[in-house]
Amino acid sequence: MFRQLPAQYIEPLFRPPSEARSLIFQVTNGCSWNRCSYCEMYTDPQKKFRARPESEVLAEIRNCAEQGLTPRRVFLADGDALVLPMRRLRNILEEIRISLPTVNRVSSYCLPANLKRKSDDDLAELAALGLKIVYVGAESGDDEVLQKIDKGETHATTAEALLRARAAGIKTSVMILNGLGGRALSRQHALASARLANETQPDYLATLVLTFYKGRERFEAGFDNRFEELDTVGLCQEMKTFIGALQLENTIFRSDHASNHMVLKAVLGKDKQRLLQQIDQSIEYFKSHPEFDHGDFGY
Ligand SMILES: C[S@@+](CC[C@H](N)C(=O)[O-])C[C@H]1O[C@@H](n2cnc3c(N)ncnc32)[C@H](O)[C@@H]1O
Ligand code: SF4
């Protein structure tokens, strides 16, 4: 007989790979923006954005405590839980602190716009209440690309949010999408994304490769149906341009998401040369093994 899960979810439920062992509270359902043209995460009808009733969330946190759970980490789902107003976030974080005292890190996905509606004092308060890390899908530092994908953010708004989070004592984890500008915008996407990272010095940086499961019509329309997808060698070359332009002091870099062709792990800047060598080797390998071209992975 299975014990009933102490937390309830509306599926599908997503979390960053690094939150695999975290207890997840779905404090919102879906994404309040939900317009990014490449994103299929919250497009099912049951994922229409809604804040979960506060009483339900607080009861669920207490229920987990009553069932004897002693998590170290909590992830607040779904796509941008920090859209919740301060009063709600305060109540949730306080309940976690009181009911689940073993928790030493609370994290959440976050859009720059979520932070714009919060003051610096609000951010410092969230940090003091246990919010330790936000995962921000910058995707690109290039305004032309950001506009084509309908991200609703610019280089400047993303940089500002990342810097404000950092100043408040909240760690930042930034995602960049390899190949997002296609062939035409590849170089400017790589260079502007590196500039964004250099300006904001995130604690964590991850690259993912654009992957579609439900079709790409909406995405391609944003490029006037002229999007030319990069092949595997092109994706690696874009990574080389991106990594080559990075000037980071102490950022943990990963491109180990299932969507990547190259698994890269490093601390930047110290491992930059090693990383560039690894990318060069991958480029040589993929050039001589065209059978591994993008698209042959069953995406
Ligand atoms: C929940 S969002 C991150 C937090 C926040 N909603 C945002 O966009 O900033 C999850 C991330 O998954 C990645 N993602 C979404 N759709 C993708 C796709 N089709 N292919 C590859 N990565 C994708 C993007 O990097 C996106 O930022
Ligand atoms: S903001 Fe994040 S979750 Fe929402 S649509 Fe864009 S990528 Fe998807």
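Strands are DSSP runs of E of at least two residues, and they are numbered from the N terminus. In this predicted model, proline 12 lies in the segment before strand 1. The bond that joins glutamate 11 to proline 12 is a cis peptide bond, with omega at about -5°. A cis peptide bond is also found between leucine 268 and glycine 269, where omega is about 5°. Glycine 269 is placed in the loop between strand 10 and helix 10.

Strands of a sheet pair through backbone hydrogen bonds, in either a parallel or an antiparallel sense. For strand 9 (residues 251-255) and strand 10 the sense is antiparallel, and the pairing extends over 5 bridges. Within this part of the sheet, isoleucine 252 stands opposite valine 267 of strand 10.

Helix packing was examined for helix 9 (residues 232-245) and helix 10 (residues 272-288), whose axes come within 9 Å of each other and cross at roughly 165°. Angles over 145 degrees count as roughly antiparallel, and helix 9 is therefore roughly antiparallel to helix 10. The crossing of helix 9 and helix 10 is left-handed.

Two ligand shells were described. Around ligand 1 there are 20 residues, of which Cys39, Tyr109, Gly137, Met175 and Thr211 come nearest. Strand 6 (131-139) and strand 7 (171-178) are the elements that give two or more residues to this shell. Strand 6 provides the largest share, 4 residues. By residue class, the shell around ligand 1 consists of 13 nonpolar, 4 polar and 3 charged residues. Both domain 1 (1-110) and domain 2 (137-299) are represented in the shell around ligand 1, with at least three residues drawn from each.

The surroundings of ligand 2 consist of Cys31, Trp33, Asn34, Arg35, Cys36, Cys39, Met41, Tyr42, Gly79, Asp80, Leu111 and Gly137. These residues divide into 7 nonpolar, 3 polar and 2 charged. Cys39 and Gly137, listed here around ligand 2, are also among the residues that come nearest to ligand 1. Asn34, another residue around ligand 2, has a backbone feature of its own: the phi angle of asparagine 34 is near 55°, a positive value in a residue other than glycine. Asparagine 34 is located in the loop between strand 2 (28-29) and strand 3 (50-51).

Conventions
Residues are numbered from 1 along each chain as its sequence is written. Chains are lettered from A and ligands numbered from 1 in the order in which they are written. This is a predicted model: local features need pLDDT of at least 70, side-chain atom pairs count only at pLDDT 80 or more; totals for chains, interfaces and linings use all residues. A residue is near a molecule or strand if its C-beta atom, placed from the backbone, lies within 6 Å of it. Ala, Val, Leu, Ile, Met, Phe, Trp, Tyr, Cys and Pro count as nonpolar, Asp, Glu, Lys and Arg as charged, and the others, Gly among them, as polar. Domain bounds come from an automatic or database domain assignment. Two strands pair if DSSP finds at least two bridges between them. Axes are lines fitted to C-alpha atoms, for helices over the stretch in contact, and angles run from 0 to 180 degrees between N-to-C directions. Angles under 35 degrees count as roughly parallel, over 145 as roughly antiparallel, 65 to 115 as roughly perpendicular and the rest as oblique. A crossing is left-handed if the near helix is turned anticlockwise from the far one by less than a right angle, and right-handed if clockwise.
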